[in-house]
Amino acid sequence: MGSNSSRISDLPKNEYLKKLSGTESVSENDPFWNQLLSFSFPAPTSSTELKLLEEATVSVCRSLAGLWTVFTLGGVGSKAAAAPALASPLANQSLLLLLVLANLTDAADAPNPYRQAIMSFKNTQDNSPFPSSIPHAFQINFNSLYTALCEQQTSDQATLLLYTLLHQNSNIRTYMLARTDMESLVLPILEILYHVEERNSHHVYMALIILLILTEDDGFNRSIHEVILKNITWYSERVLTEISLGSLLILVVIRTIQYNMTRTRDKYLHTNCLAALANMSAQFRSLHQYAAQRIISLFSLLSKKHNKVLEQATQSLRGSLSSNDVPLPDYAQDLNVIEEVIRMMLEIINSCLTNSLHHNPNLVYALLYKRDLFEQFQTHPSFQDIMQNIDLVINFFNSRLLQAGAELSVERVLEIIKQGVVALPKDRLKKFPELKFKYVEEEQPEEFFIPYVWSLVYNSAVGLYWNAQDIQLFTMDSD
């Protein structure tokens, strides 16, 4: 922010607390609030300042459970907690403060104690001792935290907190992946991606990376296909009366890819979407017919885009023969990017066919219905190896359909596919390395996260005044 250090508020303490909490029943003598109001927001620049800040806020660091209770309004999971947490200025302010503290940079000889605390806190039901190397250990109720996070994903700051916990705290990650109600967490994340045009890019990135982190776990990838959902009202492209959470996740990620292809054209977004699909592909189970169709439709879109770029490149090359003064567009680079995405899609399809063919008759049906799409890539040097298995599956099932006669109903085709799976010579399918991608933060992640956190503070903190002319950390039109 600007060069001048400014306190949280210049209001009288008692008046500020009333404004912040939205209640008259806040005591200005409460030691927690005395510590809270003593903070100065700029990050410390030396180990001495960091230690002073740590000492000044030791009660917060050692009892962050109290701050979490504020965030969850002390009533998560109870019937009385009807209003969302962000309706409370106090909850919002506390969450923003927590994000600011967690993203303070480490000093040369002293790591950020708040980040250390967030990376290591445990469930109140965990009785194992903390290692002596963890100086800021504390415990909170993971169930209450999980419920609060599930309820608040409409806000950037809650999604950023969820990302931070999943990425940095292995205790939280293990707990969440073991939940039997994973749909409570995944559905709000999918809804963020589904309404991508209404969200800022940072919020979309965080939601997508959360999915990528979750799909690194094979147990998650299997279990999401066992969760059956009914009547997803926010999905408007098609009425989904019944669909698995896994198939819905595939639909939303593919929709995000298609949106990105036509609008933002962000390679980073493409890469993470495809990585999440790739991580899931070996565990695809009972794909909904619409999910299977959308996988092949995305491949069709990529194929058309590939052909269009090739045609443009050919026309430009012919035009350049008569005029050497006009520079050629870099079609080679465009073609390379498209072919990378096509290759990844083929690998995803191949992974499903080689690992879970017998679980996915709808994908085989979609492949057969659009088999002409794949013919042009059979001899392409970039795809020839991966096309061997896909060609084998298409030709095997197509021959069985031809033997069954003409004018087959959809139900009869699916029956033939299910019967043919048993007879398919799986030893002829070429083995490829398992598709596995792991999220890794970019070097110097603070260059992204610190401006992001402070932009959230600027845009959504309650009762704080900032002189926009003094802001240097982010631009005013920043997401």
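Y439 is buried at a relative accessibility of 10%, where buried denotes under 20% relative accessible area, exposed over 50% and partly exposed the range in between (1.4 Å probe, protein chains only). The model is predicted, so that local features require pLDDT of at least 70 and side-chain atom pairs pLDDT 80 or more, whereas totals for chains, interfaces and linings use all residues. Residues are numbered from 1 along each chain as its sequence is written, and side-chain values rest on heavy atoms, without hydrogens and water.

A pair of aromatic rings is described by the distance of the centres and the angle of the planes. Rings of Phe, Tyr and Trp (its six-membered ring) are paired if their centres lie within 6.5 Å; planes under 30 degrees apart are stacked, over 60 edge-to-face, and the rest tilted. Under this rule, 16 aromatic pairs are counted. Y163 and Y439 form an edge-to-face pair, because their ring centres are 5.9 Å apart and their planes stand at 80°. Y163 belongs to helix 9 (residues 156-168), and Y439 to the loop between helix 20 (410-423) and helix 21 (446-460), 276 residues apart; helices are DSSP runs (H or I, at least four residues), numbered from the N terminus. Y163 is also buried, at 1% relative accessible area.

F299 and F374 are stacked, because their ring centres lie 4.6 Å apart with planes at 10°. Relative accessible area is 0% for F299, which is buried, and F374 is buried at 1%.

Elsewhere, ring pairs join F121, F138, F142, Y146 and Y175 into a cluster.

Terms used: Helices (H or I, at least four residues) and strands (E, at least two) are DSSP runs, numbered from the N terminus.
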